[in-house]
Amino acid sequence: MSASAVFILDVKGKPLISRNYKGDVAMSKIEHFMPLLVQREEEGALAPLLSHGQVHFLWIKHSNLYLVATTSKNANASLVYSFLYKTIEVFCEYFKELEEESIRDNFVIVYELLDELMDFGFPQTTDSKILQEYITQQSNKLETGKSRVPPTVTNAVSWRSEGIKYKKDEVFIDVIESVNLLVNANGSVLLSEIVGTIKLKVFLSGMPELRLGLNDRVLFELTGRSKNKSVELEDVKFHQCVRLSRFDNDRTISFIPPDGDFELMSYRLSTQVKPLIWIESVIEKFSHSRVEIMVKAKGQFKKQSVANGVEISVPVPSDADSPRFKTSVGSAKYVPERNVVIWSIKSFPGGKEYLMRAHFGLPSVEKEEVEGRPPIGVKFEIPYFTVSGIQVRYMKIIEKSGYQALPWVRYITQSGDYQLRTS
Amino acid sequence: MPYLGSEDVVKELKKALCNPHIQADRLRYRNVIQRVIRYMTQGLDMSGVFMEMVKASATVDIVQKKLVYLYMCTYAPLKPDLALLAINTLCKDCSDPNPMVRGLALRSMCSLRMPGVQEYIQQPILNGLRDKASYVRRVAVLGCAKMHNLHGDSEVDGALVNELYSLLRDQDPIVVVNCLRSLEEILKQEGGVVINKPIAHHLLNRMSKLDQWGQAEVLNFLLRYQPRSEEELFDILNLLDSFLKSSSPGVVMGATKLFLILAKMFPHVQTDVLVRVKGPLLAACSSESRELCFVALCHVRQILHSLPGHFSSHYKKFFCSYSEPHYIKLQKVEVLCELVNDENVQQVLEELRGYCTDVSADFAQAAIFAIGAEKREQRGDKKSLGDCCQVSPTKILHCRCAATKRVPHIWLPCGIARTYTDQCVQILTELLGLRQEHITTVVVQTFRDLVWLCPQCTEAVCQALPGCEENIQDSEGKQALIWLLGVHGERIPNAPYVLEDFVENVKSETFPAVKMELLTALLRLFLSRPAECQDMLGRLLYYCIEEEKDMAVRDRGLFYYRLLLVGIDEVKRILCSPKSDPTLGLLEDPAERPVNSWASDFNTLVPVYGKAHWATISKCQGAERCDPELPKTSSFAASGPLIPEENKERVQELPDSGALMLVPNRQLTADYFEKTWLSLKVAHQQVLPWRGEFHPDTLQMALQVVNIQTIAMSRAGSRPWKAYLSAQDDTGCLFLTELLLEPGNSEMQISVKQNEARTETLNSFISVLETVIGTIEEIKS
């Protein structure tokens, strides 16, 4: 990969920040970016990769900003995009929200960060934990030339500093599974998959060595425990700290963790499972007079579990007016700016079935343009439950000093891209 | 933007920077500097305060230093002499006890990009390379590359290169990767950094210590390494196996490419690799980042060209979701088309039908084309072929070709429509019922191409057509409808009446292409249904010959009029050509492309742009670069057309067919040519007829036009006469050619050598060469 320069532009395409790393592409080339983008958009041929003469623009959009990398080489596209996303991630860790305002307010730090993230077009230190050790928002302290270099900058284990100390040594493990679902208008399930992630919050002193045990089917078969309940993980990906060779050999997940929050691993299951919340809907549109919506939601998971914060958003025509609702549980709200009705149910026990009816008026004059048919979306969260049945069997923590540390585990299942098409 | 002009701003800032009170207050001083940087970012010329900024660099505040150095890097090329004043401070900072300051100063100094700075930075860089802080070493290593770039194309400093090679063994992973990057830049002229066995093995062992950028970079450098034995090859593959599962898509792609290239000679290993990346690629295709998702989809398509059906069992992953951006939906539709098989055809077609009525007209049209399994880009080609016909009235016979043979390059991926015609026609017919203009026009165009390729569906199409004319307004759609009515008019009861409407309104018709199509169609229909058409054909011919302003339409009218005078049999002979050509699809259907044909492009911008688009981009880049040096083709053109019409078409067609793309301006040195020539075997030998004398310059220029370079050539008239030519296509394949005229012989002997044995491209290359030589021969005689 090699990016000549990186730009942060506002919505109108004016550069807020620019950093010329290589100097082989004129900085003024960025002026062509916005016109090109608009032109392509009109042609319906917009792509995240645009070219003008010899320059390629690889861009991503984040809230009201464009991040653009320019290059004149036949670069590696996925790496450039990953870098831009990494940049956003780093900025977000610094300013919480990344938008035009926060760039303007923090522009000195933005420049400082861009200086460390990349040199001569090559990514350098991109780990925000490490960057935070030497680029801080309160850098006003006068340093009298004796300040030390953070040890991580020169460390062998690049993701963890030495000499971390905690009064209480703890690890929090979050097993999060999100369900992606796509259901056709006729009720057939087109796509159903589970994306699992295991996130760790590490408060451990020193350089601890961790080992995580899961009810992994391959491991159980290896060790002859195939009778126990196990899960077949597909497409497992690990954080850089995990020793991949050991995992390949004997499926042991062993690592020295970074400090604080990080995502240890992710996996994927494509086994078909019953949709956790099933929606049946009837949307009847009587032209020039009204729309009547009936939505039935059913919890298709264990009776003992409860789904929290359920939000079902049902599309309505953009010119609808005078909403009226009737719900068997929860409350419904019309959100005109998104053209949806949101039906929220605080707690939704498994096996239950609820109903919502909505009634909208339609103007007698019909508007010209045709509208799309947006799908019904569902958001929910089911604590203490995983669809796959994955379990953390143990977490071993070994450190030279021999302290005792406590691992805490939490399971949660949530909606990912959960969509049911409407007819 | 400031309210004041930039001059006033500069003046004001200058005053503030000089103000001793402000200088004394650290925070206020830094604020002023921040304002300077802010204006600089907005594009205001802030070079006026350079002197004051240089003074501000002498501070203990590291943030202020960073800002000032950033400023200096931007304006140093404009104020080289003033920038030299800053060197002193920078040099001092390079020996600061704080490694952060040392690194910062060194990095900034190397980025000054102004002439004359080299002599000052050389020593600090050398010190930096041996610094005990890895932070400084990282900066110094890349500084070497920056220094080399400043020098321009000066000779390579051998000692420095050696030092960098030895730093490949550094403790710090980023230093190691930076060394590779730096060496690559410095040794660019000599083919980049050399990866020999010890280096390769060292890098392989360090892989797990690197971050994702480093891993991706090293994987890319390892592409150069050629394992000595099969055993070593498989050891490497085993060692890198886990990187196929990395969480970074960049590393996964990099590893995939390396595997594909290393396993060049082992097709089963390549297939195995592609099976193993299926999971990661699919995951990337549904990644949260749209851009990464897009890139992954592009690569999926690339793989499908070689392994059709590779992702067939996962077809549901490519169903579009409502909120996805356009470019992803379009890619997914393309992928879906290529995945269709007997098991999933029902579901895929069902899904595609849903897209056909999408609110976005572009997307709906793409979906309809997909059902007809036609590639959209190809439509442009057809048009250009039509245009060629209009250019030269003398080639009117050629028009017949263009008018009948509608689809010269239809490219059918798996040909959903060809294999599952009935279902497709049914869906398309249902779509006509919607009476939406943008849908009808595309459906009719798809029908036109379908009947040409799958004659068995003609009946169904003919039944569906009546009534569509009311919903077609654009030129492409009208042409398609008129063509269908003309060719298959005898099966459509109301065909003459529909055409009559067009004839009635011909005066208000804006597109000449539609008029031309109408002429041909009506004449054709006249042959099968004379009674109903005679009158209006007369009217149309009259209009075209007497009133029409467009020359091409008039010519076409006159031509048909004269043709009719010759007799009806002659008309039939010329116009009643075959109505379909099912073999065409099979012929044009590219055989599954071997993995090796695209492996080298994997994980670059090429699959993301699409090969054809990339070729045009790199072509225009090439043209931009070498414009001034190109011979003046205009003077040449004045002396007569270089390539007669039909040949030109052929030459132009070649790049589009995707078979052969010669890279412009690929000048080889004579030495390199000689070495390569001697090391290769003759791949093809051929004899062309050749009479008399000619001017070698003409040949050289003609060859230049098609991107074949002349390395050496005998003087005109000498016998035996010899010429050596070279060309390179976009995949890097070299074609070396010798032309030989023996004394007293009326033949030219051609021998072609190729550095990669690939018959298809060789054949296309030879046909290009033949065309050019044939043309020269024609001009001469």
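User: How many salt bridges are there between chain A and chain B?

Analyst: In this predicted model, the count between the two chains is eight salt bridges. One pair you can look up is A:Lys22 with B:Glu185, where the closest N and O atoms are 3.5 Å apart.

User: Nice. And how many residues does each chain bring to the contact?

Analyst: Chain A gives 86 residues and chain B gives 86 residues. Together the chains bury about 7,500 Å², and carbon and sulfur atoms make up 54% of that area.

User: What do strands pair through, anyway?

Analyst: Backbone hydrogen bonds, and the strands can be either parallel or antiparallel.

User: And strand 18 with strand 19 of chain A: parallel or antiparallel?

Analyst: Those two run antiparallel, and five bridges join strand 18 of chain A to strand 19 of chain A, residues 340–349. To see a pair of residues there, find A:Val335, which stands opposite A:Val340 in strand 19 of chain A.

User: Changing topic: what domains does chain A have?

Analyst: Domain 1 covers 5–132, domain 2 takes in 170–273 + 387–420, and domain 3 covers 277–383. The C-alpha centres of domain 1 and domain 2 of chain A lie 33 Å apart.

User: What pLDDT does each chain average?

Analyst: Chain A averages 86, with 94% of its residues at 70 or above. Chain B averages 78, with 84% of its residues scoring at least 70. For the complex, the predictor gives an ipTM of 0.83 and a pTM of 0.75.

User: Which element of chain B has the lowest mean pLDDT?

Analyst: Helix 23 of chain B (residues 396–404), with a mean of 30. The highest is helix 13 of chain B (residues 212–222), with 92.

User: Where else is pLDDT below 50?

Analyst: In chain B, residues 374–414 are below 50, and pLDDT also stays under 50 over residues 624–658 of chain B. In chain A, residues 139–148 are below 50. Where pLDDT is low, the predicted coordinates should not be read in detail.

How values were computed. Residues numbered from 1 in each chain as written. Chains lettered and ligands numbered in written order. Predicted model: local features only at pLDDT ≥ 70, side-chain atom pairs only at ≥ 80, totals over all residues. Heavy atoms only, no water. Domains from an automatic or database assignment. Pairing = 2+ DSSP bridges. Helix = DSSP H or I, 4+ residues; strand = E, 2+ residues; numbered from the N terminus. pLDDT = per-residue confidence, 0-100. Contact = heavy atoms within 4.5 Å. Buried area = accessible area lost by both parts, 1.4 Å probe. Salt bridge = Lys/Arg side-chain N within 4 Å of Asp/Glu carboxyl O.
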